[in-house]
Amino acid sequence: MEAIEQERSGIHPARYIDDQHTASFVTSQIDRELLETRFQELNPSKEYTRLEKILVCSLDSVIKASTLKLDDRVGLIIATTKGNIDVLDTEHPFPKSRAYLPEMARAVADFFAFETEPIVLSNACVSGALAVATAKGYIQQQQFDHVFVVAGDLVTPFTVSGFTSFQAMSDMPCKPYSADRDGITLGEAGACVLVTSDRERTDATSMELVGEASCNDANHISGPSRTGEGLFRSIKKAMTQANITSEELGFISAHGTATVFNDEMESIAFHRAGMSEIPIHSLKGYLGHSLGASSLVELVVGMHSVANNTLFRSLGYEEPGTSHPLAVIETTTPKKITTFMKTASGFGGCNVALVCKQLSNE
């Protein structure tokens with residue numbers, strides 16, 4: 001949060017080499033030594049993959065802060081796009097079966113001795129935000145009283161080569177919504193939140209999820225809808241459920257991958273929803289695109305934005321680059337904020353919109 005407030009990016013040059021590829025690129029990755037130090041402080045009794053360590057470290061701080069007993073009224077949702085994809089590498093020490101998402105989820109849940117079966121939500125790049133909406137549903141249905149949502153994904157040769165094959169990778173830090181954008185920057189992250197109906201479990205950054213919706217436009221396996229239909233419908237449904245007008249939104253934390261097609265699709269959807277003048281940013285210029293973790297990380301940053309009454313700059317933006325204008329935040333600015341919307345879109349045509357509102361003092 002300090003780095004974002006200071007408009008500093010975590011994107012850096014990187015390089016990977018495997019049996020078939022040698023590539024230089026830019027990315028945002030978690031420091032391996034810092035992760036290992038943090039993880040060993042938790043006194044693990046078994047071996048864990050790198051992603052599992054990220055998820056465990058993220059969960060640990062939230063579980064401790066909640067002081068909850070992890071009984072049968074407490075759920076766990078793990079959101080990811082690719083999971084332990086790195087174990088498929090030839091030289092990886094873990095068995096390839098660890099790439100199965102349920103095995104990864106069970107390893108994480110067992111670390112903390114959750115009594116309930118972990119739930120895996122893997123729906124491309126909307127996974128993290130969709131998991132939060134799903135957690136709210138479980139609580140409303142009285143299946144759980146509290147749900148921990150943790151999301152994570154890695155930067156690996158598999159993901160880098162995949163996006164390279166789409167010609168979607170930028171050689172420079174990505175520039176969402178800018179006319180000179182030329183592709184994404186991959187990142188990796190782990191993030192965790194507690195979804196609860198217990199007001200006593202909240203803190204200064206907590207917010208109420210007053211509206212949520214998802215819609216799949218089934219346009220293409222990787223290409224977004226040219227009309228923004230799925231995102232448009234998600235936005236409209238979430239706003240209707242929240243029972244607020246667009247003028248009441250303080251800002252939009254959008255997906256903003258910096259690909260030509262995604263950013264254009266978003267501009268069309270926001271224009272159709274009458275939201276072209278609402279302040280908007282993408283955080284990908286700071287963090288890169290961490291796939292299934294991205295929307296949860298960005299949701300958390302949005303909560304801090306409201307708590308600090310600050311609009312954060314959309315790093316990398318220089319000049320308008322979409323067919324419909326967007327009110328892209330060009331400078332980090334103080335502003336009284338009580339509500340914001342988080343949107344995300346992903347492969348296969350999936351879209352999600354969450355509307356969050358500052359907790360009242362009642």
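I began with strand β8, which pairs with strand β15 (residues 350-358) in the antiparallel sense over nine bridges. Two strands count as paired if DSSP finds at least two bridges between them. Helices (H or I, at least four residues) and strands (E, at least two) are DSSP runs, numbered from the N terminus. Within β15, I found C356 as the bridge partner of L209.

I noted that the model is predicted, that local features need pLDDT of at least 70 and side-chain atom pairs pLDDT 80 or more, and that totals for chains, interfaces and linings use all residues. Residues are numbered from 1 along each chain as its sequence is written, and side-chain values use heavy atoms, with hydrogens and water left out.

I then asked how far β8 (residues 207-216) is enclosed by the rest of the structure. Seven of its 10 residues are buried, so β8 is largely enclosed. Buried means under 20% relative accessible area, exposed over 50%, and partly exposed in between (1.4 Å probe, protein chains only).

**Entry: the open sheet**

I traced an open sheet of four strands in the order β4-β3-β5-β7, with mixed pairing. β4 (119-121) and β7 (189-196) are the edge strands; each has a single partner strand, so one side of each lacks a neighbour in the sheet. From one strand to the next the twist averages 20°.

I looked up the pairing of β5 (residues 146-153) with β7, and it is antiparallel over eight bridges. V150 has C192 of β7 standing opposite.

Helix α4 (residues 101-112) lies across β3 and β4, at about 135° to β3. Axes are lines fitted to C-alpha atoms, for helices over the stretch in contact, and angles run from 0 to 180 degrees between N-to-C directions.

**Entry: the chain as a whole**

I recorded 10 helices and 15 strands for the protein chain. Along the principal axes, the C-alpha atoms fill a box of roughly 55 × 55 × 40 Å. Buried residues make up 56% of the 362.

I also noted that, among contacts between residues at least 6 apart in sequence, 77% join residues at least 24 apart. Contact means heavy atoms within 4.5 Å.

**Entry: domains**

I took the bounds from an automatic or database domain assignment. The assignment gives domain 1 (2-174 + 188-199) and domain 2 (201-358). Their C-alpha centres lie 21 Å apart. I found 44 residues of domain 1 in contact with 44 residues of domain 2.

**Entry: positive phi outside glycine**

I checked T67, a residue other than glycine, and its phi is positive, near 60°. T67 sits in the loop between α3 and β3 and counts as exposed, at 61% relative accessibility.

I also checked N309, which is not a glycine and has a positive phi of about 50°. N309 lies in the loop between α10 (294-307) and β11 (310-311). Is N309 buried, partly exposed or exposed? At 25% relative accessibility, N309 counts as partly exposed.
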